[in-house]
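Student: Can we walk through this one together? I'd like to start from the overall layout and then look at single residues.

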Amino acid sequence: LPHGLLELVLMLLVVTALGALLLRWFGDSHDFLADSFVILSIPGFVLSLAGLFGRDGEEREMRWPQRVGGIAVLGLGILLVLGLVL
């Protein structure tokens, strides 16, 4: 299961795509805001449940490819927050 920065960026991607889909489908609805708060909380809830029932893996040694990948994931997260991706 992802955790830390990877989990945050994964949630940003999923919730951004789900929000765009909800806006396309129900954007003109009177209760759009209330419904989207409920629907957008579902991916976080599912990931939290998976974290509760998932097992903890062995602690891995951090090597340079993982560190460079972490920088790439951080960059993707910043671009998502700024609205430059999706």
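This is a predicted model: local features need pLDDT of at least 70, side-chain atom pairs count only at pLDDT 80 or more; totals for chains, interfaces and linings use all residues.

Student: Which helix holds Ser-36, and is Ser-36 buried or exposed?

Tutor: Ser-36 sits in helix α2, residues 32–40. Buried means under 20% relative accessible area, exposed over 50%, and partly exposed in between (1.4 Å probe, protein chains only). Ser-36 has a relative accessible area of 9%, so the call is buried.

Student: Which residue's backbone oxygen does the side chain of Ser-36 reach?

Tutor: A polar contact is a pair of N or O atoms within 3.5 Å; within protein, one must be able to donate a hydrogen and the other to accept it, and residues adjacent in sequence count only if both atoms are side-chain atoms. At 2.8 Å, the side chain of Ser-36 reaches the backbone oxygen of Phe-32.

Student: Where is Ser-41, and which backbone oxygen lies 2.7 Å from its side chain?

Tutor: Ser-41 is in the loop between α2 and α3. Its relative accessibility is 42%, so Ser-41 counts as partly exposed. A polar atom of the Ser-41 side chain lies 2.7 Å from the backbone oxygen of Val-38.

Student: Why does Val-46 count as partly exposed?

Tutor: Val-46 belongs to helix α3, residues 42–53. From Trp-25, Val-46 is 21 residues away in sequence and 22 Å away in space, C-alpha to C-alpha. Val-46 is partly exposed because its relative accessible area is 48%.

Student: How do α1 and α4 pack, and how far apart are their axes?

Tutor: Axes are lines fitted to C-alpha atoms, for helices over the stretch in contact, and angles run from 0 to 180 degrees between N-to-C directions. Helix α1 (residues 5–26) and helix α4 (residues 64–82) pack at about 35°, and their axes are 10 Å apart.

Student: Which residues of α1 make that contact?

Tutor: Contact means heavy atoms within 4.5 Å. On the α4 side, the residues include Gly-70, Val-73 and Leu-80. From α1 come Leu-5, Leu-6, Val-9, Leu-12 and Leu-13.

Student: Last one: what is the radius of gyration of the protein chain?

Tutor: The chain has 4 helices and 0 strands, and its C-alpha trace spans about 50 × 35 × 15 Å along the principal axes. The radius is taken over C-alpha atoms, and the globule rule is 2.2 Å times the number of residues to the power 0.38. A compact globule of 86 residues would be near 12 Å, but this chain has 16 Å.

Conventions
Residues are numbered from 1 along each chain as its sequence is written. Side-chain values use heavy atoms; hydrogens and water are left out. Helices (H or I, at least four residues) and strands (E, at least two) are DSSP runs, numbered from the N terminus.
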